[in-house]
Amino acid sequence: VSRQLKEEIRRGFARLEDPLAGLLAMLESSSDWKGKGHSLGYCITTELQLWIKAHPALPQSGTKLKKLQARVLGMLSQCPANLLDPLISIYQLHTADRNYLLEHVSHLYLQGSYKEAAILSIKLKLQPDQDVEKMCTPLLLQDKANLVEEYVAEYPELQRKLLQTLDTWCEPSFNIRDIIRPYQGLSKYKPEKFNHRVLSKLVFRLLERFNVDPALCPNVINQRHLRTMNYLFYKRFVEKTMTEENWADHIQSTVGENRCLQGHLVQSLLRHCDARGAARWAQHCGVPPEMLPQAVAEELQKLHIQDRVEEVTKADNYEASKKKDYYQLPIPRENIHFLQTWEETLQCWEKVLQPGQVVGVDMEWKPSFGMVGKPRVALLQLALKDEVFLLDLPRLLEQAEAEGEKEKLPHFIQMLYSDAAITKLGYGMSGDLSSLAATCFALKDTEKQMQGVVDLLAVDKQVDGLSPEHSHEERGVRQPEKGLSLLVQHVLGKPLDKTEQLSNWEKRPLREEQILYAASDAYCLLEVYERLCKDPESFGLGSDLTDSLVGKQSKKPRAKKQLNKQEAPSPSGQECQGPRTEPSCPPAPISPQEFSVVCDNMLQGLGRYLRCLGVDVRLLDNEDDHRKAAEIARQEGRVILTSGLPYQTLRSQVGEGRCFSVNCSEKAKEQALQVLKHFNVQVSLGDIFSRCQ
């Protein structure tokens, strides 16, 4: 707004006998102020607000003011958001009769102006005198959860009432249609955004934001525990990627003494193993006999009290003989140091904080399985060329606090990250550092200050093809590698063994398998980095890799999934390069086992054909939206195979070369040949039917 206009507005106010009435008359007769942005009405209103501050003697009370307040209230529900605060201030609505204000908001609500009623209530701080469930229900039906958060933000009592209401709605037996019925015909109603799953997510978000005790929401917590339990059964019995001991740890802490969860546990055990195994667990968890199916109760009577839970399944655990298939630490066991005292840690820092040092850094935390709060780091791993240090972070921080020196450890960690002369290697560092900040508040700005870091997640996106020594031999059917494990497989020839990934890292003492896993996770970064620096061209990287990465902070990578300490998926780790700028350079050859695709629903025949050749295939169902293919491709690092119009939409949602259009008029065999040729997939006799049961 020009200075000239501002002066003209102020001169106009000075000439008016009653500037407040004058402003209202102008706004009521003009439609300009109803638009978005800084209208002339907005400029005049804000200038009057400033003018009143400069002329406090202006009489603003009594019956005349009440009449003006009544008029301005009628306008507030139609005026733009940027005019609300100035008008409330000018006409001193916070001093108006509270019952009158509540009546006006109630009138707006009955008209169906739910959003306007809520915004006005927030501005006038009327919430303590309103029914939180009544005010928030229509907003939730209209997918205005952010406004609901704002409505209760300053009132802990209302936060608790809202959370209890939402939790009641999440009861399995509760019919959500009962809530919707009074609001039939509601404008902007979004039924797909109002279900148990969405409400459950909202509850967790509110619990975290307002720091409320989760015990207030037993239904939502129970359902989350139930999902966790199903996930653990899947990892143990379907994927078979979790050890018995690991699984037992998590099942016990998830189920606890909750009778409902214990019942579900027994039912799940019966589906996956025999009655004897289910009975052992029922005994261990103290499940009352009357809750047990007859077969389990009979087995329970035969059992003697045992001191420990025995093996309950015949699930094929990963055997020691298969260790040769995985990356192995090249340093002796005695060079892995588990540090729990400050004296030991000082010796570690003396070695780590040396100019020119290259350090592999990783962190572990207990899987949160989607519960409230950010995970806290339980173990910090620092790998040097000849040894690895595992720092028991909770113990060390506890000791430092007891000695009145709680800044001691964060100080050293900050020194490490901010020293440009020390190269720090990580994978998905942003996720690690946000967990570090949640563990120790003094480290919240570490990411802003860090120098000399190389995030191999950023490098991973450029790595092309497999390592020169990578073997195409049949490795047996197991989960496809991803993230850091896939990068290690590409560069060093063997993937990481991730069976300890979902361990309880807070439990002490750590098991030997956990110690070796933690050390390997940090040490492999050194070997991958060294290999990439020595021979960058073999991996499709520029020859100036060392110059471009050392001492240079990479772009902020995607954070690690907090759910379960999973590595951040690398879309290019499995990438089979699409057409390049130089057509003379074909993509590196890969085996069907390393080629992962998602087939759109018009290509189910092609998908089944590729699966017979050993390719890792996901098929969209007939009723699935095409966009689901992009979702799966991003989450699981798959290439999309589609045809026709969906190709134009899908290819813009994934990386270059990650979406391929197939000729729909050809038969499955011809389509398969086209795909295999384009991505240079080399099929051997051993691949045929290798994925078939």
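This is a predicted model: local features need pLDDT of at least 70, side-chain atom pairs count only at pLDDT 80 or more; totals for chains, interfaces and linings use all residues.

Analyst: Start with helix H18, residues 342-352. Its buried residues are Trp342, Thr345, Cys348, Trp349 and Val352.

User: What makes the buried residues of H18 line one face of the helix?

Analyst: Look down the axis of H18. The buried residues fall within an arc of 110 degrees, so they line one face. In general, an α-helix has 3.6 residues a turn, so residues three or four places apart point the same way.

User: Which residues are exposed on the other side of H18?

Analyst: Glu343, Gln347 and Glu350 are exposed there.

User: What covers the buried residues of H18?

Analyst: The cover includes strands E1 (336-339), E2 (358-365), E3 (377-383) and E4 (388-391). Helices H19 (393-402) and H20 (408-418) are also among the covering elements.

User: Why does Leu685 count as exposed?

Analyst: Exposed means over 50% relative accessible area. Leu685 has 79% relative accessibility, so Leu685 counts as exposed. Leu685 sits in the segment after helix H30 (668-678). With Val683, Ile688 and Phe689, Leu685 forms a nonpolar surface patch. Together they have about 400 Å² of accessible area.

User: Which residues have the most contacts inside the largest nonpolar core?

Analyst: They are Leu76, Leu87, Tyr91, Leu166 and Phe194, in a core of 73 residues. Helix H12 (residues 196-210) gives the largest share, seven residues. A second, separate core has 37 residues, including Ala383 and Tyr529.

User: What does Phe194 touch, leaving out residues up to four places away in sequence?

Analyst: Phe194 touches Leu140, Leu141, Trp169, Ile176, Ile179, Ile180 and Leu199.

Note on methods
Residues are numbered from 1 along each chain as its sequence is written. Side-chain values use heavy atoms; hydrogens and water are left out. A nonpolar core is a set of buried Ala, Val, Leu, Ile, Met, Phe, Trp, Tyr and Cys residues joined through side-chain atoms within 4.5 Å. Buried means under 20% relative accessible area, exposed over 50%, partly exposed in between (1.4 Å probe, protein chains only). Helices (H or I, at least four residues) and strands (E, at least two) are DSSP runs, numbered from the N terminus. Contact means heavy atoms within 4.5 Å. Patches are made of residues with over 30% relative accessible area and no salt bridge: like charges are joined within 9 Å, nonpolar side chains (Val, Leu, Ile, Met, Phe, Trp, Tyr) within 5 Å. Accessible areas come from the Shrake-Rupley method with a 1.4 Å probe; for residues, only the protein chains shown count as cover. A salt bridge is a side-chain nitrogen of Lys or Arg within 4 Å of a carboxyl oxygen of Asp or Glu. The arc is that of the directions from the helix axis to the C-beta atoms.
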